[in-house]
Amino acid sequence: METTSSSRVGAQTAEAPAPAAEGPAQDAQTTPTPTPAAQTPADAQPQEGTGPVPATRRTAEGFQAAGFPWYGLDGAFTGPRWLMQVGTAADGTVEHGSTGHGDEPSARGEIATGEKERFAVVITIADNPLRRSGDGTGTLEATSVSSAAWLAGSGLLAYSWPGQMDHSLRSDWLDQQTEAAWELADDLGGPDWSTLSLPVDGEPTPFHYRESEFGWVLAGSTGSGVHLGAYGRGMSAYGLGFSVISDLGAYE
């Protein structure tokens, strides 16, 4: 994969909460995704994402505007389901979005409550071909499995808080780890990744998979024109399956 910032889908972290986990969430359901001209990872700086919206205030409007199918966990999962945010290009086109399953995670999570969260977030990203940027000044890289891996890796970090870490230090830690997640996503054939086969719409599908002290991340492609990423904690990835969401109402 050519190492340009656009493979990060505008270097936008997936559903990243605001650094101050205690503050109120913003009333927004879509996250604009900028479309910069191609640049090297050294020039690309991760941008802080928008805080997740409480479930009671999320709607399916942004998801319904997408020109591709959304995926979530299949019917074997019987727990709570909830909508997260969608990411859009500069022209308003929906490019990716996430759906949550299980407990709604928070950055402080287990540190604050003492209880282990159990959740899995599924990211759907449109398979876009190589294309010109919206302002015509450059070329945007086609989305790929690496794009899904990047969004999943940065998303997991957004809900991670190392034990004994002071609040003032977390921003620097998050910047460092987010850049590391990008490098890992750009090397899916490297030793940090293994292969895991999981059902997608009932068909065995290969995924790139890795674990860390904060949870797991996986990424793969479907036969329906989208790439899938996922991350989670407290729920084993080995027993998961994915399918097209036929009714977004199940997530509201």
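The chain holds four helices and 12 strands, where helices (H or I, at least four residues) and strands (E, at least two) are DSSP runs numbered from the N terminus. This is a predicted model, in which local features need pLDDT of at least 70 and side-chain atom pairs count only at pLDDT 80 or more, while totals for chains, interfaces and linings use all residues. Residues are numbered from 1 along each chain as its sequence is written, and side-chain values use heavy atoms, with hydrogens and water left out.

The pLDDT, the predictor's confidence in each residue from 0 to 100, averages 74 over the chain, and 65% of the residues score at least 70. Over residues 1-7 the pLDDT is below 50, and this stretch has 29 contacts in the model beyond near neighbours in sequence; a contact means heavy atoms within 4.5 Å. Residues 10-57 also have a pLDDT below 50, with 127 contacts beyond near neighbours in sequence.

Of the 252 residues in the chain, 52% are buried. Buried means under 20% relative accessible area, exposed over 50%, and partly exposed in between (1.4 Å probe, protein chains only). Among contacts between residues at least 6 apart in sequence, 68% join residues at least 24 apart.

In soluble globular proteins, nonpolar side chains tend to be buried together. A nonpolar core is a set of buried Ala, Val, Leu, Ile, Met, Phe, Trp, Tyr and Cys residues joined through side-chain atoms within 4.5 Å. The largest such core here has 31 residues, and Trp70, Leu73, Trp216, Leu218 and Phe242 touch the most other members. At least two residues of this core come from each of β2 (71-73), β3 (81-88), β5 (119-126), β8 (194-200), β9 (203-212), β10 (215-221) and β11 (226-233). Another core, of 22 residues, lies apart from it and includes Met84, Ile123, Leu188 and Trp193.

Leu73 leads on to His101, one of the residues that Leu73 touches beyond four places in sequence. His101 lies in strand β4 (residues 94-102) and counts as buried because its relative accessibility is 0%. A polar atom of the His101 side chain lies 3.1 Å from the backbone nitrogen of Leu73; a polar contact is a pair of N or O atoms within 3.5 Å, and within protein one must be able to donate a hydrogen and the other to accept it, with residues adjacent in sequence counting only if both atoms are side-chain atoms.

Strand β11 is mostly covered, with eight of its eight residues buried. Val226, Leu228, Ala230 and Gly232 point one way from β11, and His227, Gly229, Tyr231 and Arg233 the other way. Eight bridges join β11 to β5 in an antiparallel arrangement, two strands being paired if DSSP finds at least two bridges between them. In this pairing Thr124 stands opposite Leu228. β11 also pairs with β10 in the antiparallel sense over six bridges, and His227 is the bridge partner of Ser221. The hairpin of β10 and β11 has four residues between the strands, and there Gly225 takes a positive phi near 80°.

Thr143 sits in the loop between β7 (139-140) and α3 (145-158). Its relative accessibility is 9%, so Thr143 counts as buried. Among the residues that Thr143 touches are Ile125, Ala126 and His227, and its side chain reaches the backbone oxygen of Ala126 at 2.6 Å. The C-alpha atoms of Thr143 and Val226 are separated by 9.2 Å, although these residues are 83 apart along the chain.
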